[in-house]
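Please read it with the structure open.

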Amino acid sequence: MKVKVISRSADDYLREKKTDIHKVFRNYDPALHPFEAAREYTRALNAVKLEKVFAKPFLGNLDGHRDSVSCIAKHPKRLSTIVSGAFDGEVRVWDIPQRTCEREFVAHNGIVRGIVYTPKGEHFITVGDDKTIKTWKALTPQFGEDDAPINTVLSKSVITSISHHRKSPIFATTGEIVQLWEESRNEPLRTYQWGVDSLHDVAFNMVEQNVFGACASDRSIILYDMRDHGPLRKVVMKLRPNKLAWNPMEAFTFTVASEDYNLYTFDTRNLKKPVNIHMDHVEAVTFVDYSPTGKEFVSGSYDKTIRIFDGGHGHSREVYHTKRMQRLTCVNWTLDNKFIISGSDEMNIRIWKARASEKLGPLRPRERTALRYAEALKEKFASHPQIKRISRHRHVPRHIYNAQRELRTIKDKQKKKESNKRAHSKKGEVPYQPEREKHIIKEVH
Amino acid sequence: MGKLTPRYFTQPENPSVDPPKNSKIPEIIQFDVSDVKKKPWGRRREDNRTGKNHTKITKKFDKNKSIFKTDKGERKQQTQKKRYKVPKEWLDKYSKGEGVNLKKVKTNVHQKRIEHKEKQIQYATDIAAKTEILLTQDAGFLEADGGETTTQFTQKQIAESVDITAASKSFQLNLEFGPYRSKYTKNGRHMVLGGKKGHVAAFDWVTKKLHCEINVMEAVHDVSFLHLETMFAVAQKDWVYIYDNQGIELHCVKRLNKVSRMEFLPYHFLLGTCSDEGYLSWLDVSIGKLTSQYNTNLGRLSVLTQNPWNACLCLGHAKGVVSMWSPNSREPLAKMLCHKAPIVAAHVDPTGMYMATSASNRELKIWDIRKLEGPVQEYKLVSAATNLGFSQKKMLAVGMGNIVEVYRDCCTEAAKRPYLRHRFNNPIGNFNFCPYEDVLGVATARGFTSLLVPGSGEPNFDTYEANPFQSKKQRQESEVKALLEKIQPELITLDPTVIAEVDVATLRDKVDAKKKLLYVKPPKINYEPRNKAKGKGGSVKLARNKKILREEAKKEFIQATKDILPEAKDSKKKKKPFNVLDRFVPKKKV
């Protein structure tokens, strides 16, 4: 007779000392792990609920401006520093982790229209309504020193915005005309004109560094090449584009925030129709900025909300709002891809998390694997009604809610009207027009 | 050193590859690129480049040439390690099914997405199967020498020939308040005993440490642990009571009246009970709410078992029917006519594959419970089996009066003789195989006996699932985890994987709904005529107009519904062309 019976000695299964970790024995036999699907579903449900529980995106605010914030610039080398300009001509330099103002001075007579840091972060350049371009040292002046610009340039025309070249000491400004400046010169290197009264925004491409785009008041977006004498192309839209942002990873993609509540992502190779329309705002979109990964962008709107969009999706994945935040003037995505900084009409600068439920600070390995597992489960069960409902739900203030409803009825009405028109007219008289072509008037070469 | 060897293209060693000697322009070095041997990558290429031991390497190559030559004459890569080949049965064990037929996925994007997913699943299966080699324990066994049978070995013999720790697992308790019933915890470490005359005891049966021992001074019909060893439920004369491991009464559940049998569903935190009065109820022990309670209308219920695979409760009835219940429906999910005599006992194996039922006409049948088919095996016993129990390794214990017989492999093939047999002095109350141990715990009329059944239990436990050696802290932690993962009672269905599958039923519903449109009554339109001037048409004309309009609306509606169903349109049009042989088809009677 040969016999063996399971016999376990406790020494093999228990830890030796209290300071040891517990011994873990795994057996992945499916028979020992019943209800795999149901348990995974439950975990996914818990994960998506926890995501909601931890979704606390608002981190803090920078308080100090005496008028609405008009523009914000990120420091190209340091994550902790930003500089902001206000409608009363004041410029403030902020320390984000300390949430303090390091430096404040009145830079312009009238509104500060734009601020940019130079590529190395040694200086920043401000433009204002007083037609001046002022260059300031980024370092706080020593005790006794005055806050004085190291260079002041008087432009012949009004200046409304500014954008700096990625590497060279060249920057572009807009106003009645687009001007290209060299940092050390007091006369513009080049000027561009294309029968436009005024332009209000300009942005340099980060990848194809000689290209820049501008938004004009005749509802057009104009592309320029620094090496060329004239503008390249322009596309005219139905309503005014407010702000242009280039994708920092894809040279040919840019997104514009438009007055018609939408954002449009364009491919420069085909400006006839946008690659994607991003809807969700219920009032004019005033600002847009890409995340450093180029996968997402953030937009601020006149409807007092910030929305975050995935580049390829037509609707936002996140909406941020507070009771006190008023109309947004500028929203920036920080260069570590973790935070969003917004400036609004009620004089505050706010700091938000880019991913609402993300844990800040280092993650322990077990924590990280748990989060990844939760992420995978959420994806797996994403289309289950319960999970979908919870993950999609966002509370919005009443005025947004009502506006959304109103917009929906308007859209439905228009659709119905069009279909009625189609039904009662000759075949082909009322052609079907794709949504993406509706908002573009023409492309001009 | 002499001449440096070229870095990337050395002259091929093979003479057949040598540049042709009679080439017309001798200055140009020609390489036959068509048959250049692949250079090894990485470190080995580095070694070749140095040229120091170049000759050595070539020698080595020559030496190994014959070894690494396959039938086709190709030379295999020399340093390729032999990969561990996972046996097919392991892969089958961990397999997650066939997967998606990629050819049927229409769009390219989704095809790629699903292909990627399939690869991941395949990888997970492989990795899981490979973990099999890491398992530390082997299953137990009992082998007879020539001329012997395993049936003839007594418990005494087995206990004598195993090691001392295993032998200590065979023990006997002589108790007086019988007939007893017993249950183990999920990890098999603790057990609770309940005697008909009110004796209730809970203890760690491995160390024989008593948690509590009380007399409830009432009849005890059944006992069951809840999710942990710290709490157990006792079905007493009238109501179900819940005690903690010190014997303190925590709850008295008066909603559960005259309960005869209890089953605890550990992943759902449900205590399923059936009563003498025909009621079946599920009590959620995590929130203390009665999830549902139904009158089965099937008379006295005394045979209750759970299907551990899908958490349905199986009831055995006097009409020979086994019915399966979930808390979501007032009607049983399935009914099986298993025997032509009253069912005495039923049990489902832990993987939910087989169900064993026995009836009072001495029959024992094994059913394929996933397909609700069978019987897979039929046995006629010497006397009716009053108790049945599957072990983790699919051994079946059959209790008949005062005899317990254990059968091995009785589901897939007809077992000829029992694997083990044990005779008691008293009739058996109930028995359970202890999870993760080779032990069968038998509660009899006058006590409790723990029998050794080699090879019945799963040798390797999973710490995160059920840990016999868990500390207090681990227990607390696992309790929290288990509560977080509590499966909602709505998910109890016959097929537990249905939650992870495509919701086909609603799609079918949609199609059905579309089909039903054909038979929807057209709505009557409400026609109110304009008030016309006097003399312009009387009431007759009005009525006629109304009728015309109604008819028109009806026609439109019918047309619209027909347009929705293209197949309905097509079916009318398509007629088979008349075949020559069709003349022999009998004509349809009108």
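Two strands count as paired if DSSP finds at least two bridges between them. By that rule S1(A) pairs with strand S1 (residues 141-143) of chain B, because three bridges join these antiparallel strands. The model is a predicted one.

**Contact between the chains**
- Chain A gives 30 residues to the contact, and chain B gives 48 residues.
- On the side of chain A that touches chain B, strand S1 (2-4), helix H1 (10-13) and helix H2 (36-53) of chain A supply at least two residues each.
- H2(A) makes the largest contribution to that side, with seven residues.
- By residue class, the side of chain A that touches chain B holds 18 nonpolar, seven polar and five charged residues.

- Is strand S4 (residues 81-86) of chain A mostly covered or mostly open? S4(A) is mostly covered, with six of its six residues buried.
- From S4(A), A:Thr81, A:Val83 and A:Gly85 point one way, while A:Ile82, A:Ser84 and A:Ala86 point the other way; all of these are buried.
- Strand S3 (residues 69-74) of chain A runs antiparallel to S4(A) and is joined to S4(A) by five bridges; A:Val69 has A:Ala86 as its bridge partner.
- The hairpin formed by S3(A) and S4(A) has six residues between the strands.
- Strand S5 (residues 90-95) of chain A is also antiparallel to S4(A), again with five bridges, and A:Asp95 in S5(A) stands opposite A:Thr81.
- Three residues lie between the strands in the hairpin of S4(A) and S5(A), where A:Gly89 has a positive phi near 85°.

**A four-stranded sheet in chain A**
- An open, antiparallel sheet of four strands has the order S11-S12-S13-S14 in chain A.
- Strand S11 (159-164) and strand S14 (190-192) of chain A are the edge strands; each has a single partner strand, so one side of each lacks a neighbour in the sheet.
- On average, neighbouring strands of this sheet are turned by 20° against each other, direction ignored.
- Four bridges link strand S12 (residues 170-175) and strand S13 (residues 178-182) of chain A in the antiparallel sense, and A:Phe171 stands opposite A:Trp181.

**Record annotations on chain B**
- An unreviewed UniProt entry lists "domain: BING4 C-terminal" at residues 418-496 of chain B. That span is 16% helix and 28% strand, and its end C-alpha atoms are 33 Å apart.

Notes. Residues are numbered from 1 along each chain as its sequence is written. Chains are lettered from A and ligands numbered from 1 in the order in which they are written. This is a predicted model: local features need pLDDT of at least 70, side-chain atom pairs count only at pLDDT 80 or more; totals for chains, interfaces and linings use all residues. Two residues are in contact if their C-beta atoms, placed from the backbone, lie within 7 Å. Ala, Val, Leu, Ile, Met, Phe, Trp, Tyr, Cys and Pro count as nonpolar, Asp, Glu, Lys and Arg as charged, and the others, Gly among them, as polar. Axes are lines fitted to C-alpha atoms, for helices over the stretch in contact, and angles run from 0 to 180 degrees between N-to-C directions. UniProt positions are given in the numbering used here, feature names are shortened, and annotations may be inferred rather than shown by experiment. A residue is buried if 20 or more other C-beta atoms lie within 10 Å of its own, exposed if 12 or fewer, and partly exposed in between; C-beta atoms are placed from the backbone.
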